[in-house]
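Morning, everyone. Please have the model open.

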There are 2 protein chains.
Amino acid sequence: MITRMSSLFLRTLREDPADAEVPSHKLLVRAGYVRRVAPGGYSWLPLGLRVLRNIEAVVREEMDAFGAQEIQFPALLPKEPYEATNRWEEYGPNIFRLKDRKGADYLLGPTHEELFTLTVKGEYSSYKDYPVTLYQIQTKYRDEARPRAGILRGREFLMKDSYSFDLTDEGLSKSYQNHRDAYIRIFDRLGLEYVVVSATSGAMGGSASEEFLAVAETGEDTFVRSTESGYAANVEAVTTPAPAAQSIDDKPAAAVHHTPNTPTIESLVDFLNANTDRKFTAADTLKNVLVKTKVPGKEWELLAIAVPGDREVDFKRLEAALEPAEVAMLDEADFAKNTFLVKGYIGPGALQANGVRFLADPRIVTGTAWVTGADKADHHVVDLVAGRDFTPDGTIDVAEVREGDPSPDGKGVLVAARGIEIGHIFQLGRKYADAFSLDALGPDSKPVRITMGSYGIGVSRLVAAIAEQSHDDRGLIWPRNVAPADVHVVIAGKDETLTAAGEDFAQQLSARGLKVILDDRKASPGVKFADAELVGIPTILVIGRGLKDGTVEVKDRKSGDRVEVPVAEAVDHLVNIVNS
Amino acid sequence: MITRMSSLFLRTLREDPADAEVPSHKLLVRAGYVRRVAPGGYSWLPLGLRVLRNIEAVVREEMDAFGAQEIQFPALLPKEPYEATNRWEEYGPNIFRLKDRKGADYLLGPTHEELFTLTVKGEYSSYKDYPVTLYQIQTKYRDEARPRAGILRGREFLMKDSYSFDLTDEGLSKSYQNHRDAYIRIFDRLGLEYVVVSATSGAMGGSASEEFLAVAETGEDTFVRSTESGYAANVEAVTTPAPAAQSIDDKPAAAVHHTPNTPTIESLVDFLNANTDRKFTAADTLKNVLVKTKVPGKEWELLAIAVPGDREVDFKRLEAALEPAEVAMLDEADFAKNTFLVKGYIGPGALQANGVRFLADPRIVTGTAWVTGADKADHHVVDLVAGRDFTPDGTIDVAEVREGDPSPDGKGVLVAARGIEIGHIFQLGRKYADAFSLDALGPDSKPVRITMGSYGIGVSRLVAAIAEQSHDDRGLIWPRNVAPADVHVVIAGKDETLTAAGEDFAQQLSARGLKVILDDRKASPGVKFADAELVGIPTILVIGRGLKDGTVEVKDRKSGDRVEVPVAEAVDHLVNIVNS
């Protein structure tokens, strides 16, 4: 196939679009791959659509390879199934809603759990029908509050979503693993650098869950990774290893100190260091953070969280840990109601005496001694020993994670990184099967409730994620598997022999099955070279001054390496590069 | 590729769905190709999606073959471009409208003229850039008042829409012809029986326009075709050949008759035949039909239309002929205002004396003599001769078209038929270019207004149209180019040798590049045969009792022909059938 630049619907831009901040957005617009139509709505121009279709094909192949079956739902969906699962409400303003001419409510599908569940229920009835995995590659809609970064976070986007249906938890684990393996093959084939991070479940409600993040400075998602192992996780999912318990016997008795003017951890440490003969750090103090939580259908309750004083409670980790319960900070009314809470001087004593649930960071093991509030203004207690002077009701792992913290797998320390979520695999469990009573009739004629998994890949987002990882200051650099063409032939001059040679090469390469872009325009070599770099085809064939001496130049877009190749060998040379 | 019935997400149904009236709807649901999700909204199950993709591939190949370039727009579109062309208003309740979280208005795109025009304007500026043809294969939305017949008229559907952009009318003609040729290739490859009918432009405003109709009794569109030539046209577009003018000299003078109690043509003819020595038929009378018309921005005006008394005025033909003017029947107030209109006895005399525009059917040529109203109650005039006693202000071809009328091309007579609109090609002209000032800078640096064509193919509808044409009472019969598989292998028995042979055949056929459905279920041969007929793969391989004698049976789904083939020859035999 030959695509001629002289007629290709492509106009490259010299300037970055005004609304673009990240490289992929700038370059995909400048190279003529996408155009903005509305906030979060983009059109795909010819080369962009080819990249999208190439990615789609890889995803489809790997899904089919493990027996997933492709189907397709409408994007315009009736309200009723989403009411049955309460998601019509839960999505709030994040979905597009509309009414038809008869006033019936519809939404533009953000994900299709409901429809897949209902469809399987409609077709299948016996345990012999299971397991089954279905998928679609389909346009999805979310009314993002802040669509950004071009196609990286759009309001209309292409997604592969799949759903597994199993009779047993073991079956679900296997389906989950099938997806995990397929995702790894997909992202490997697409040439991405990515990590698989443990994730919390988010709003979808379920258990095991991992995210695939393409590593990118511009990514919206933060995660931590080990300096010495493959460990990576969302901050919400990091687990803190508990240190070994210590002996209680050798600890001094707890003692209350008058500590005037010590409203902060820092001032408290300074005061103690100036007024005692010991040296304390913030890590020796115990901060008791009060929040309130509410389990759906119940009343708000107080909850105290003890963390070492050198760390804050990470509210996102806290929310993830308490889900599905809600959590909120205390307000003045709460303090007024609970007079035993002496702000700034709260300690375990009054909390536990007053029946407040008291959970501690995993570092607070038996035998550790702490400086903490004495439940009395301007007073702190020193050498309050866990397991002797107080015993938490349990542990909660919600303190902030820091660079340098030990990796949970014991190898190396954690560093922070950013990524773009390109895939998410998720054991839904029986939430949707429960909502729609999806049962299979078992061999004993008793109903078996089906368990589900939900798995997504952001197909259109992948175009941006790849561009984000693979570009330089001159333009895009497509991995071969997704490039919109194999070879970009530049006719570098207006001489008729150059034009004829360019045509001839393009024909020969096309005859060998390669996809060729032929720059046959009447533009200057400089303009053509710049466009070739911007467009980012992996291999560039330059037909220029060398031709009279019987050579052409083959340039590798990524490395910049150039080689002179004899005309007679050039086609084989290029075919080898492309197929290697 | 082997698809096993034992795991395929497919359940065939024995009963027609309750809401289905047409064969394609019944069979596509029964055979497990589609499922209803909402009114006019269907999901595609695995085999249905394959058929859809096969059709899509044929459309794409033929579009690419003549240089059309594929792009893709969002389906969710901002209001503004549609306001610029007034279509936001004009579509009325026929489009889906919605607001985003900020209250901005959006629609779900029904067609994309505006977006394509704006995109070309955004990229192109010089006459050297043109011509260009762009297309997309994309999900479209229309809020149909009565979605019906399954995927034949849905509210969400897949459409190929393309748009040509030319500098000149000649260029537009060429782009139009390119599309026409490509459409013929596409519909031929899909094995459809179809006609190309002249069409009126409908609401899109333009000039030359043709529709491709798949011939089907269940079609919504009526058309007429010649019994002896390829002529076919929408009724609105049929032209009536004018007979030769006649001599005036040999006609008797016009004479007014008292014709009491002759309110209808029939009673008038009976009266004259009883009271004169001549024999009249309804075709000898002239019916003067009064309407009023209104050109946008002007006042309502009277219009008289003379047609032979044996024909009615066809209101759809009248609307099409007068477009963009509106047309309406007269009400009592109109008659009260125009006292010269003697209801039931209106003749050309009073009309023309009072300045009413008076247009005549093409059959009313010079020298023809007519019986018509004498502008006086209970009186008619006989032998009123065109060109002697009255001269129309022009002709208008809006009389009803009847079976048996001569074909406009002079060959044979017209018969009525029904069809499904599967394609529409349309010379838009400069309507959209005018709306958005789409100009190219000409060689003389002066702007040249671009002229456009608009071309559509109902891709998802084609699945139904093909099914509508190609089925029998046992099920679907897919043409080879669109079938979801090449060969349906039925293991007709539970014997292990049959199962092993079935597996082996499937593997061998797959290795030869064929797509195979293998019915490896534990169902009875009868159930498997019935499902094979219902699913409609063109070739069925039955592995049954003959196997022990070294033969298998190859059955042609369409003809029902069966041949016994030696096992050793069966694979070659099938490969030949599929590739022939």
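I start with a term: a polar contact is a pair of N or O atoms within 3.5 Å, where within protein one atom must be able to donate a hydrogen and the other to accept it, and residues adjacent in sequence count only if both atoms are side-chain atoms. Between chain A and chain B, 24 residue pairs are in polar contact, both residues at pLDDT 80 or more.

This is a predicted model, where local features need pLDDT of at least 70, side-chain atom pairs count only at pLDDT 80 or more, and totals for chains, interfaces and linings use all residues. Residues are numbered from 1 along each chain as its sequence is written, chains are lettered from A and ligands numbered from 1 in the order in which they are written, and side-chain values use heavy atoms, with hydrogens and water left out.

Now the interface. With contact meaning heavy atoms within 4.5 Å, 52 residues of chain A touch 52 residues of chain B. On the chain A side, these are 29 nonpolar, seven polar and 16 charged residues. Here Ala, Val, Leu, Ile, Met, Phe, Trp, Tyr, Cys and Pro count as nonpolar, Asp, Glu, Lys and Arg as charged, and the others, Gly among them, as polar.

The buried area is about 4500 Å², and carbon and sulfur atoms give 56% of that. Buried area is the accessible area (1.4 Å probe) that two parts lose on being put together, summed over both. A:Phe9, A:Arg101 and A:Glu123 supply 18% of what chain A buries against chain B, more than any other three residues.

A:Glu123 also forms a salt bridge with B:Arg35, at 2.5 Å, N to O. The rule, a side-chain nitrogen of Lys or Arg within 4 Å of a carboxyl oxygen of Asp or Glu, finds six salt bridges across this interface.

Next, the sheets in chain A. Strands (E, at least two residues) are DSSP runs numbered from the N terminus, as are helices (H or I, at least four), and two strands pair if DSSP finds at least two bridges between them.

One open sheet has three strands in the order β14-β20-β19, paired antiparallel. Its edges are β14 (255-258) and β19 (369-373). Four bridges link β14 to β20 (residues 379-385), and A:Ala255 has A:Val382 as its bridge partner.

Which order do the strands of the five-stranded open sheet take? It is β17-β15-β16-β18-β21, with mixed pairing. β18 (residues 357-360) and β21 run parallel, joined by two bridges, and A:Leu359 stands opposite A:Gly394.
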